[in-house]
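I opened this model to look up a few contacts, the cores and the pocket. My notes follow.

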Amino acid sequence: MAAGCVLWRRSPQDGTLEICLVHRPKYDDWSHPKGKLAPGEDPLAGALREVAEETGHDAVPGAELRTVTYMADGRPKQVRYWAAEATAGRFTPNKEVDRVLWLPPAAARARLTRTVDRELIDDIDVIDESDEID
């Protein structure tokens, strides 16, 4: 089992919604921050740990989103996701993630490698730009 977050923030320039995507050089893909859970680790705690490790940001969790299932190396992989607001932090490239992008929802959808990851943005994109995500 794995867990991750659709990490979001308000743009420092104009306050619009931005989604954080991570580039994983091992797979040469763009995805939401996520990773495997440690044995016995709470899924939400694991999702927030992965966000911190991959993006350098702390996050405040919001609603649980859908669980995504896809094939990886010939085996089904299942990832639980939450919406999470980025708070303090700063990205530093590392061996797992060499780049992050903060993009408006439509641009994030277009950049994501997996279709199932695009659908996660739809789960939070119903929020009006002036509304808070709880």
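I started at Val60, which touches Ala83, Ala84, Glu85 and Thr87. Contact here means heavy atoms within 4.5 Å, and residues up to four places away in sequence are not counted. Val60 sits in strand β5. I took helices (H or I, at least four residues) and strands (E, at least two) as DSSP runs, numbered from the N terminus. I put Val60 down as partly exposed because its relative accessible area is 44%. The cut-offs are under 20% for buried, over 50% for exposed and partly exposed in between, with a 1.4 Å probe and protein chains only. Val60 and Thr87 lie 27 residues apart in sequence, and their C-alpha atoms are 7.1 Å apart in space.

A note on the source: this is a predicted model, in which local features need pLDDT of at least 70 and side-chain atom pairs count only at pLDDT 80 or more, while totals for chains, interfaces and linings use all residues. Residues are numbered from 1 along each chain as its sequence is written, and side-chain values use heavy atoms, with hydrogens and water left out.

Next I checked Ser11, in the loop between β1 (2-10) and β2 (17-24). Ser11 counts as buried because its relative accessibility is 8%. Its side chain makes a polar contact of 3.3 Å with the side chain of Asp14. Such a contact is a pair of N or O atoms within 3.5 Å; within protein, one must be able to donate a hydrogen and the other to accept it, and residues adjacent in sequence count only if both atoms are side-chain atoms. Beyond four places in sequence, Ser11 touches Thr16 and Glu18.

Then I turned to the nonpolar cores (buried Ala, Val, Leu, Ile, Met, Phe, Trp, Tyr and Cys residues joined through side-chain atoms within 4.5 Å). The largest has 19 residues, and Ile19, Leu21 and Leu65 have the most contacts inside it. At least two residues each come from β1, β2, β5, β6 and α3 (115-124). A second, separate core has 16 residues, including Cys5 and Val51. I also listed contacts of Ile19 beyond four places in sequence, among them Val6, Trp8, Leu101 and Ile121.

Last, I looked at the lining of the largest pocket. β6 gives the most to it, with four residues. By class I noted eight nonpolar, two polar and 12 charged residues. Nonpolar covers Ala, Val, Leu, Ile, Met, Phe, Trp, Tyr, Cys and Pro, charged covers Asp, Glu, Lys and Arg, and the others, Gly among them, are polar. A pocket is an open set of points on a 1 Å grid over the protein atoms alone where a 1.4 Å probe fits, with protein on both sides within 12 Å along at least five of seven lines; lining residues have an atom within 4 Å of a point.
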